[in-house]
Amino acid sequence: LVEDNKINQILTKKILLTNGFECEVANNGLEAVDKVKTTKFDLILMDIMMPIMDGFAASAIISKSNPNIPILALTAISDEINKEKFESCNIQKVILKPVDFSFLCNTIMMHIKK
């Protein structure tokens, strides 16, 4: 989970753990890029609007070095207006905030490679 808002981190992580997923948190895109260099992840949940490095930049870097990791955006920005940006950095799915956590968990299951 790449998210700069502490409340969103706590809530999302709790929902993920409750539904049987493991979860590591990065506070911004740069932290996420660094974590991916040393740890294997099945999927990344990426906020877009963050300080230091936004989700678009982080997703582009991660998908170039690890193209098999699905990246799902968790964001309040329009997926229609920014469709080309999402596609250009290999974000597979945009999940709009506020998040429906049942939808989130189902979407994660559809994107995790077994």
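1. Helices and strands are DSSP runs, numbered from the N terminus. With those labels, Ser78 sits in the loop that joins β2 (71–75) to α4 (83–88). The structure is a predicted model.

2. Is Ser78 buried, partly exposed or exposed? Ser78 has a relative accessible area of 27%, and because buried means under 20% and exposed over 50%, this residue counts as partly exposed. Ser78 and Leu96 are 18 residues apart in sequence, while their C-alpha atoms are 7.9 Å apart in space.

3. Thr12 belongs to helix α1, which covers residues 6–18. Its relative accessible area is 8%. Thr12 is therefore buried, as that value falls under 20%.

4. Which residues does Thr12 touch, leaving aside its neighbours within four places in sequence? Thr12 is in contact with Leu1, Leu74, Phe101 and Leu104.

5. Rolling a probe the size of a water molecule over the atoms shows where empty space is left. The largest pocket has a volume of about 490 Å³. Two elements, α2 (29–38) and β1 (44–46), each give two or more residues to its lining. The largest share, three residues, comes from α2.

6. How many residues line the largest pocket, and which of them lie nearest its centre? The lining has 21 residues, and those nearest the centre are Glu22, Cys23, Phe41, Asp42 and Leu43. Sorted by class, the lining of the largest pocket holds 15 nonpolar residues, five charged residues and one polar residue.

Note on methods
Residues are numbered from 1 along each chain as its sequence is written. This is a predicted model: local features need pLDDT of at least 70, side-chain atom pairs count only at pLDDT 80 or more; totals for chains, interfaces and linings use all residues. Side-chain values use heavy atoms; hydrogens and water are left out. Helices (H or I, at least four residues) and strands (E, at least two) are DSSP runs, numbered from the N terminus. Buried means under 20% relative accessible area, exposed over 50%, partly exposed in between (1.4 Å probe, protein chains only). Contact means heavy atoms within 4.5 Å. On a 1 Å grid over the protein atoms alone, a cavity is a set of points where a 1.4 Å probe fits but cannot get out, and a pocket is an open set with protein on both sides within 12 Å along at least five of seven lines; lining residues have an atom within 4 Å of a point. Grid points are joined across faces, edges and corners, and a volume is the space filled by probe spheres set on the points. Ala, Val, Leu, Ile, Met, Phe, Trp, Tyr, Cys and Pro count as nonpolar, Asp, Glu, Lys and Arg as charged, and the others, Gly among them, as polar.
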